[in-house]
Amino acid sequence: MYGDRVKNWFTFNELRVVAARGFDDGNFPPQRCTKPYGNCLVGNSGMEPYIVTHNTILCHASAVQRYREMYQKTQEGRIGIVLDFVWYEPLTRGLTDEYAAQRARDFHLGWYLHHMVYGEYPKTMQNVVKDKLPKFSEEEVKMVTGSIDFLGINQYTANYIQHPVVNSSMPHGYQDDWQVTFVWTFLKAAENALKLEEKRSHIYKEVVAETEALSRNVHAKVITSTPMTPHDS
């Protein structure tokens, strides 16, 4: 209907939010989750986000295929998808934190982008989620691979990430599968500010100590070099 005027189309906006907020923590409809992750009556945070995402990816790829076959040639438009993202920076340059930050990127963005280029989910996700992660059939691989003409990214913020201390008592959930610990940006900023203030304080103390020492030295020289007057004798 609008193809003669609208040239850029996207199938979904922030598809990950549907799976993560609707089926992992249950904060968004349909409010399904495992009890420790949210106040839900039903759901499975360790399974349903992956099933939902897999099916919506197939919906996206199917819509792209239909647009390309039926409309793209005559309308000369493009079709893609819009994803949300937060940059994940390792807290330290240690290898475990580097790996943790990459896992976070893969679970957040790679979950929806990697298969569009390589026809499969990121290896990190395959290694962690294992059999809970659905697989694409040969025909589905052909359909999802290259299923974007353009990619839209809603970039929000950045977080520091570190290797976690795993809580084995918690049931598995999508966010838990990341196997990372978030170190919130404002905490790191506060820590850096505190270190800067401590450094300034240390420098101030050194300056005060040097000034006092110099003052005492100058005063001593003044006393020893003061000539005697006739009255003093």
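Which residues in α1 meet which residues in α2? Let's start there. On the α1 side we have L15, V18, A19 and F23, and on the α2 side E48, P49, V52, T53, T56 and I57. Contact here means heavy atoms within 4.5 Å. By class, that contact of α1 with α2 has 7 nonpolar, 2 polar and 1 charged residues. For the classes, Ala, Val, Leu, Ile, Met, Phe, Trp, Tyr, Cys and Pro count as nonpolar, Asp, Glu, Lys and Arg as charged, and the others, Gly among them, as polar.

Quick housekeeping. This is a predicted model, where local features need pLDDT of at least 70 and side-chain atom pairs count only at pLDDT 80 or more, while totals for chains, interfaces and linings use all residues. Numbering runs from 1 along each chain as its sequence is written, and side-chain values use heavy atoms, with hydrogens and water left out.

Now the overall layout. The protein has 8 helices and 4 strands; these are DSSP runs numbered from the N terminus, with helices being H or I of at least four residues and strands being E of at least two. Reading from the N terminus, you get β-α-α-α-β-α-α-α-β-α-β-α. There are 233 residues, and 35% of them count as buried, meaning under 20% relative accessible area with a 1.4 Å probe, protein chains only. Take the contacts with a separation of 6 or more: 67% of them are between residues 24 or more positions apart.

Back to α1, residues 15-23. This helix is mostly covered, with 7 of its 9 residues buried. Those are L15, R16, V17, A19, A20, G22 and F23. They pack against β1 (8-13), α2, β2, α4 and α7 (174-177).

How do α1 and α2 cross? Their axes come within 9 Å, at roughly 155°. That makes α1 roughly antiparallel to α2, since angles over 145 degrees count that way, under 35 as roughly parallel, 65 to 115 as roughly perpendicular and the rest as oblique. The axes are lines fitted to C-alpha atoms, for helices over the stretch in contact, and angles run from 0 to 180 degrees between N-to-C directions.

With α4, the α1 axis comes within 10 Å and the crossing is roughly 130°. So α1 is oblique to α4. Here L15, R16 and A19 in α1 meet F107, H108, W111 and Y112 in α4. By class that gives 5 nonpolar, 1 polar and 1 charged residues.

On to the core. A nonpolar core is a set of buried Ala, Val, Leu, Ile, Met, Phe, Trp, Tyr and Cys residues joined through side-chain atoms within 4.5 Å. The largest one has 33 residues, and Y50 and W111 have the most contacts inside it. Elements giving two or more residues are α1, α2, β2 (78-90), α4 (95-118) and α5 (123-129). The largest share, 9 residues, comes from α4. Leaving out residues up to four places away in sequence, Y50 touches F107, W111, M125, V129, K132, L133, P134, Y174 and D177.

Last stop, C40, in the loop between α1 and α2. Is C40 buried or exposed? Buried, because its relative accessibility is 5%. Beyond its neighbours within four places in sequence, C40 is in contact with D25, G26, Q31, R32, C33 and K35. G26 is 14 residues away along the chain, yet the two C-alpha atoms are separated by 6.3 Å.

Definitions and conventions: Buried means under 20% relative accessible area, exposed over 50%, partly exposed in between (1.4 Å probe, protein chains only).
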